[in-house]
Amino acid sequence: KMHAEVCKTLANPVRLKIINALRISKTSAGELLKKIKTNKVILSQHMSLLVGKGVVKAEKSGKNVFYQLSDPQIIKACDIMRNILIKHLEKNKELLKKMK
């Protein structure tokens, strides 16, 4: 059940953009807004969920909040799933060519 909850947390395009934006280093909320091109309310909702589920850590520094992934293996997991998706799409592309 816990595994399903983590997968469900990651199963959102905005949250995947956030995770990818946090791939390299700790990032401020303001920088995340620029990187994922969303508004403050939406970012806040997603960050609250990601922090609540333990995927992301938040650290307050003065007026700023900085976020980072709680575990670098989250990136590995997302990359593995992305590679599987790419292989699947490439297979379907080949099938489509054969059908034409």
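This is a predicted model: local features need pLDDT of at least 70, side-chain atom pairs count only at pLDDT 80 or more; totals for chains, interfaces and linings use all residues.

Residues are numbered from 1 along each chain as its sequence is written, and side-chain values use heavy atoms, with hydrogens and water left out.

Q: Why is serine 28 called buried?
A: Buried means under 20% relative accessible area, exposed means over 50%, and partly exposed lies in between (1.4 Å probe, protein chains only). Serine 28 has 15% relative accessibility, so the residue counts as buried.

Q: What is serine 28 in contact with, leaving aside its neighbours within four places in sequence?
A: Contact means heavy atoms within 4.5 Å. With those neighbours left aside, serine 28 is in contact with Val65 and Phe66.

Q: Is cysteine 78 buried or exposed?
A: Cysteine 78 is buried, because its relative accessible area is 18%. Cysteine 7, at 41%, is partly exposed.

Q: What makes β2 and β3 a pair of strands?
A: Strands (E, at least two residues) are DSSP runs, as are helices (H or I, at least four), and both are numbered from the N terminus. Two strands pair if DSSP finds at least two bridges between them. Strand β2 (residues 56–61) and β3 pair in the antiparallel sense over 6 bridges. β1 and strand β3 (residues 64–69) pair in the antiparallel sense over 2 bridges.

Q: Why do glutamate 59 and lysine 26 count as a salt bridge?
A: A salt bridge is a side-chain nitrogen of Lys or Arg within 4 Å of a carboxyl oxygen of Asp or Glu. The closest N and O atoms of glutamate 59 and lysine 26 are 3.1 Å apart, and the two residues form a salt bridge. Glutamate 59 lies in strand β2 and lysine 26 in the loop between α2 (13–21) and β1, so the pair ties together parts that are 33 residues apart in sequence.

Q: How many salt bridges are there by this rule?
A: The count comes to 5 salt bridges.
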